[in-house]
Amino acid sequence: MALDPLQALQAASRPVARPPALQSLLIAGATGLLGAELVHRLGGGGGYARVGVLAGQLLREGLRGIQPVVVPGDRPPAEWPRVPVDIGIVAFDPPRLHHGRERALWAADPAQLPAIAAWLRACGAHTLAVVQPHDAGRLPDALKRGLASLDEHALAGLGFERLLLFRAARKPTSSVRGLLPGLAAWMLSTLRFMVPATDRPVRAIKVAELLDEALRIAPPGVHVAAPEVVWAASQQDARTVAARWLLGEAPDGSEAPRPARDAWKAP
């Protein structure tokens, strides 16, 4: 079969991802269900040379295959000591109070995102992945596929070779107290059934799988995983979804048709 010269040129110019075995990875905010899944998937046989988690204090119980990186939580990230990092992950998931180990880990605050990203860049990170959940059905459609805030624009200007932003939905949190306010909140909560399936929360393990695959194949640039992309990873193979999202092709190298806006729905 004759080789198309255009395909040969495209294959030659495509950036080759660094092998995970040669890279170090650091997770900031390894708390909650999402953080636990990231640690399990990336640290438990992920193939990286070193995987660390940020901690605010020494851990009494060690994490198998994980190196805690203790930073002074009472000081801003700009004053933290530098550690060698190739890939940084920032996840926003509050620690579970019944998990004593998570109380020792560094819990990410959305307001610290620019500062922690700048610290990771100063540590040498060439790739940054951010998972910042939003309440299901409340993210404006215009912000699903682009930079959604000034903080994210600031991240794009820090000089990362690769920046990956994941739009993962979560269940809306509520702190309403009282009989009448509680009744009103319950009545309004029925509106969640009007939220499209692609904007609904996804299991943490599926988000971790998509992030893992994306880190392996993502070319240079800024890549935003819209909610329907994250949702598709929960319905299909994460490797297939990541290849279609980032490369526009199937994992075997064949070109996959780029989906229309609503084509991420499972059959």
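How many bridges join β7 to β9? Five bridges join these two strands, which run parallel. The legends below describe a predicted model, in which local features need pLDDT of at least 70 and side-chain atom pairs count only at pLDDT 80 or more, while totals for chains, interfaces and linings use all residues. Residues are numbered from 1 along each chain as its sequence is written, and side-chain values use heavy atoms, with hydrogens and water left out.

Figure 1. Seven strands form an open sheet in the order β3-β2-β1-β4-β5-β7-β9, with parallel pairing. Helices (H or I, at least four residues) and strands (E, at least two) are DSSP runs numbered from the N terminus, and two strands pair if DSSP finds at least two bridges between them. β3 (67-70) and β9 (221-225) stand at the edges, each with a single partner strand, so one side of each is left without a neighbour in the sheet. From one strand to the next, the twist averages 20°. Strands of a sheet pair through backbone hydrogen bonds, either parallel or antiparallel.

Figure 2. Four bridges join β1 to β2 (residues 50-55), and the two run parallel. Within this pairing, S24 has R50 as its bridge partner, and I27 has V53. β1 also pairs with β4 in the parallel sense over four bridges, and L25 stands opposite I87 of β4.

Figure 3. L22 is found in the loop between α1 (5-13) and β1 (24-28). This residue is exposed, with a relative accessible area of 66%. Contact means heavy atoms within 4.5 Å; leaving aside residues up to four places away in sequence, L22 touches A49 and D86. L22 and R50 are 28 residues apart in sequence, and their C-alpha atoms are 8.8 Å apart in space.

Figure 4. Five of the five residues of β7 are buried. Both faces are covered, with R162, L164 and F166 buried on one side and L163 and L165 on the other. β5 and β7 pair in the parallel sense over five bridges, and V130 has L165 of β7 as its bridge partner.

Figure 5. Helix α4 (residues 113-122) lies across β1, β2, β4 (87-91) and β5 (127-131), running at about 165° to β4. Helix α9 (residues 238-246) also packs on the sheet, touching β7 (162-166) and β9, and its direction makes about 130° with that of β9. Axes are lines fitted to C-alpha atoms, for helices over the stretch in contact, and angles run from 0 to 180 degrees between N-to-C directions. Seven of the nine residues of α9 are buried, so this helix is largely enclosed by the rest of the structure. The buried residues are A238, V241, A242, A243, R244, W245 and L246, and what covers them includes β7, α7, β9 and α8. Just after α9, G248 takes a positive phi of about 70°.

**Figure 6. The packing of helix α7 against helix α8.** Helix α7 (residues 204-217) and helix α8 (residues 227-235) pack at an angle of about 105°, with their axes 9 Å apart. That makes α7 roughly perpendicular to α8, a term covering angles of 65 to 115 degrees, whereas those under 35 count as roughly parallel, those over 145 as roughly antiparallel and the rest as oblique. K206, V207 and L210 of α7 make the contact with V229, V230, A233 and S234 of α8. These residues divide into five nonpolar, one polar and one charged; Ala, Val, Leu, Ile, Met, Phe, Trp, Tyr, Cys and Pro count as nonpolar, Asp, Glu, Lys and Arg as charged, and the others, Gly among them, as polar.

**Figure 7. Burial and span of helix α7.** Of the 14 residues of α7, 10 are buried, so the helix is largely enclosed by the rest of the structure. Among them are V207, L210, L211 and A214. α7 reaches 21 Å from its first C-alpha to its last, close to the 20 Å expected at 1.5 Å a residue, where the expected span is 1.5 Å times one less than the number of residues.

Note on methods
Buried means under 20% relative accessible area, exposed over 50%, partly exposed in between (1.4 Å probe, protein chains only).
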